Amino acid sequence: MLVLFDIDGTLLRRATEEHRDALLEALAIVHGIDARKARHVLSPAGRTDGEIARALLLDLGLSAARIDERADDVREECCRIYARTAPDDLTHAVVPGVPDLLEWLAARDDVSLGLVTGNFEPVARIKLARAGIGQHFSAGAFGSDSEDRAALPPIARRRAGPLGRPYPREDTIVIGDTPRDIACARADGLRCLAVATGPYGIDQLQDADAAVADAGALREVLGPLLTSR
């Protein structure tokens, strides 16, 4: 089974401040604008970094063509800034119960762990490494692969599959904490488990195959799914 985890709100909490600031600073450096002056601020939960950047820039009147032309520069600048400003220790940000859950999954020879996150990949890798849980994740898909969150699960499955063949849909589960995590799983025909450790409550996550309160309950739901294969 391939189990694909979101990061912010699912694996980590309160680990986004420096990430947000790095993206805003990158927009200022590349485009010469103050994105804090945007009139309509999107909730970042479940969105990709590129999608957030585009929404801010469009709100401030930049053209889609200019945004496209400089998207790579924004990504590279954001990752460079975050590498410099990210806290050295993010272990305090790990969601309670997540280390035990990951150790349990990693010990199984019938499970592979990956990521599906809107974070640019270098940002995601730094966060998880400094949180002390990065060693558990190999394949994945990131905000640097596509602005469209729905495009990420197929990328992650392709990278995780043997000999270039995508990992089978029926053997893949997405775990996230927002309705957008659920939607991206459904767009690829995947099952999804939702955990209410982010900004959404269980009642707002009912479109998932199961919605639970915490990582401990997540293990209880995952166990039967893995053993029934």
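What you're looking at is a predicted model, where local features need pLDDT of at least 70, side-chain atom pairs count only at pLDDT 80 or more, and totals for chains, interfaces and linings use all residues. Residues are numbered from 1 along each chain as its sequence is written, and side-chain values use heavy atoms, leaving out hydrogens and water.

**Cysteines**
- The disulfide count is 0, a disulfide being a pair of cysteine sulfur atoms within 2.5 Å.
- C184 is in no disulfide, and its nearest cysteine sulfur belongs to C192, 7.0 Å away.
- C192 is in no disulfide either, and it counts as buried because its relative accessibility is 0%.

**Helices α1 and α2**
- Helix α1 covers residues 17-31 and helix α2 covers residues 49-59; their axes come within 11 Å and cross at roughly 50°.
- That angle makes α1 oblique to α2, since under 35 degrees would be roughly parallel, over 145 roughly antiparallel, 65 to 115 roughly perpendicular, and the rest is oblique.
- The crossing is right-handed, so the near helix is turned clockwise from the far one by less than a right angle.

**Where they touch**
- On the α1 side, H19, L23, L24, L27 and H31 make the contact, meaning heavy atoms within 4.5 Å.
- On the α2 side, the contact uses D49, I52, A53, L56 and L57.
- By class, the contact has 7 nonpolar, 2 polar and 1 charged residues.

Note on methods
Axes fitted to C-alpha atoms, helices over the stretch in contact; angles between N-to-C directions. Helix = DSSP H or I, 4+ residues; strand = E, 2+ residues; numbered from the N terminus. Nonpolar A, V, L, I, M, F, W, Y, C, P; charged D, E, K, R; others polar. Buried < 20%, exposed > 50% of the residue type's maximum accessible area, 1.4 Å probe, protein only.
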